[in-house]
Amino acid sequence: MGGLTSVAPSFVASGPSGVAIRTRLKDLAPDDEKVLRLVGAHLGSLASKDLKARCRDGVEHSAETWAVRKRELTPVSSSRWAGAITKASHDQWALARRCQLAHIQNLEAGIRTIGHRLSQPIGQKATKHAPGGYRSRREWHAKSRRLQVLEDRLAAARADREAGLVHVVRGGKSLACTRHHLEAAGLAKSAWRRGWEAERWFCQADGESGKRHGNETIRVSPDGEVSIKLPAPLAHLANAPHGRYLLACRVAFAHRGTEWADRVAANRAIAYRIHLDTGRDRWYVTASWQLPPTPTLPMGAALAQGVIGVDMNADHLAAWRLDVHGNPIDAPRRFFYDLTGTAEHRDAQVRHALTRLLHWAKTCGVRAIAVEDLDFGAEKTREKHGRQKRFRRLISGMPTGKLRARLTSMADSTGIAVIAVDPAYTSRWGAQHWQKPLTTTTRKTTRHDAAAVAIGRRAQGHPIRRRTTPPSAHRSDEQGHRSVQARPGVLGREGTRPRIPGPRTRSLPPGRGANSGNQNAQHRSGRSAEHGFWQQDSLPLSL
């Protein structure tokens with residue numbers, strides 16, 4: 001047992017920290033679209049220059065350099081636009097630094113794996129805890145060359161990190177690479193150019209509490225009227241006082257519209273972003289705001305009505321409801337989704353599956369859902385699984401982070417707690433201890449269903465192993481009465497069985513004297529049978 005991974009304690013996941021809702025800008029006038037394009041292009045060029053300056057500062061950045069950049073942007077935009085642009089540059093640089101660190105850790109993991117396998121004899125079998133050697137000399141030689149490539153990449157990445165140098169592409173690296181594969185993407189050069197320019201536009205502003213409707217730069221009134229503070233070079237296009245441009249259309253937020261209206265009426269901060277979807281040729285406005293931290297539900301209160309264990313797989317969620325004792329109830333449920341196609345399609349599939357899961361949980365009256373705290377960041381490396389391309393593609397396609405974020409946000413709005421458990425050995429031990437006992441002639445229990453039971457039991461604090469039935473001699477009077485239902489600390493577990501009036505056999509009248517309830521007063525060896533009818537309770541699956 002010394003080689004087993006230690007299991008981390010389960011915990012109740014915290015709720016979402018923010019909200020983002022989106023609606024369409026319908027019936028825009030031609031002049032409105034023209035102004036939005038000019039504003040986005042002008043501010044986008046300023047954002048590109050500011051991001052370049054922020055990357056040039058690197059780790060030497062300070063509050064003074066930030067103030068200098070903001071003062072330079074203010075005359076060509078406004079003080080609030082300058083603040084939004086500089087903040088966006090800081091956020092993008094920080095994200096690039098985090099991605100750079102993850103890339104370095106990924107390279108280090110690959111180098112360790114290749115170095116270990118190169119040190120093993122060719123054809124050496126792998127063990128449970130360490131990979132073996134390579135299969136042939138040819139593969140050994142190819143991997144030795146790849147090791148040198150990874151070491152060079154690691155040296156370059158470490159040098160960039162020490163110097164504070166990051167590599168950022170405004171508009172997205174994926175879209176930039178698509179420019180060289182237009183035929184494979186099915187795009188014309190003009191269509192790609194429109195999408196590239198739209199992605200590099202900048203039209204977003206942070207909210208300000210206490211200001212009118214929560215935002216002075218992009219303002220949306222309670223009745224849906226949208227106005228924008230124009231940058232200084234475009235002030236001549238204003239059609240409203242104080243250099244503002246008022247759009248001809250009105251907007252309405254269907255999702256969380258009441259909550260948004262309450263914040264607008266109270267002049268609480270709301271951030272807005274206006275962007276163009278070139279694929280649909282539609283304009284959208286996104287409103288977002290922060291949520292105050294809410295206290296998480298105590299573990300005991302969350303598990304008071306049982307729990308639903310959920311095992312995430314490549315094409316479905318396997319779920320099983322457990323009672324407070326960790327026993328599976330009714331039949332397992334499976335919620336399927338399809339992770340092929342576009343990102344919007346995959347996201348919609350995940351939302352639909354989670355919606356059905358939460359509706360089922362509310363129907364059952366359960367207040368907690370247990371999921372694995374999965375993170376495949378270290379499992380997607382090319383060197384970890386070698387030739388298992390299908391398995392690498394499988395775990396790379398599982399949206400663990402998106403599913404966890406979606407489930408936490410959606411469950412918080414329905415009053416259901418999400419309990420994160422350690423994923424160690426849940427599939428293996430679940431199949432070992434629960435798959436066969438839960439399989440019947442009318443129900444075939446899969447490995448994933450058994451894993452859902454293991455996840456739920458771990459969230460409740462029960463051991464995954466199922467309690468086995470005691471030997472037949474221990475279930476009879478040969479060695480005396482043994483109650484497998486009671487824990488060792490339960491009072492009265494070794495007491496006499498309850499006497500029920502009435503004869504047990506035809507020749508035995510009720511009430512055999514004063515010692516009828518005392519098993520030790522009988523003359524049979526050990527403890528004799530009781531003079532009364534007693535039926536043992538059904539054996540639970542666990543204690």
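Over the ring of which residue does the charged end of R179 sit? The charged end of R179 sits over the ring of W192, 5.8 Å from its centre. This is a predicted model, in which local features need pLDDT of at least 70 and side-chain atom pairs pLDDT 80 or more, while totals for chains, interfaces and linings use all residues. Residues are numbered from 1 along each chain as its sequence is written, and side-chain values use heavy atoms, without hydrogens and water.

**Charges over rings**
- R54 places its charged end over the ring of W93, 4.0 Å from the ring centre.
- A charge sits over a ring if NZ of Lys or CZ of Arg is within 6 Å of the ring centre and within 35 degrees of the ring normal.

**Aromatic pairs**
- There are 5 aromatic pairs in the structure (rings of Phe, Tyr and Trp, for Trp the six-membered ring, with centres within 6.5 Å; planes under 30 degrees apart are stacked, over 60 edge-to-face, the rest tilted).
- W201 and W283 form a stacked pair, 6.1 Å centre to centre with 10 degrees between the planes.
- W201 lies in the loop between α7 (189–200) and β3 (204–205), and W283 in strand β8 (residues 282–290), 82 residues apart (helices, H or I, of at least four residues and strands, E, of at least two are DSSP runs, numbered from the N terminus).
- Both W201 and W283 are buried (buried is under 20% relative accessible area, exposed over 50%, partly exposed in between, with a 1.4 Å probe and protein chains only).
- Y425 and W429 are stacked because their ring centres are 4.8 Å apart and their planes at 20 degrees.
- Y425 is buried at 16% relative accessibility, whereas W429 is partly exposed at 24%.
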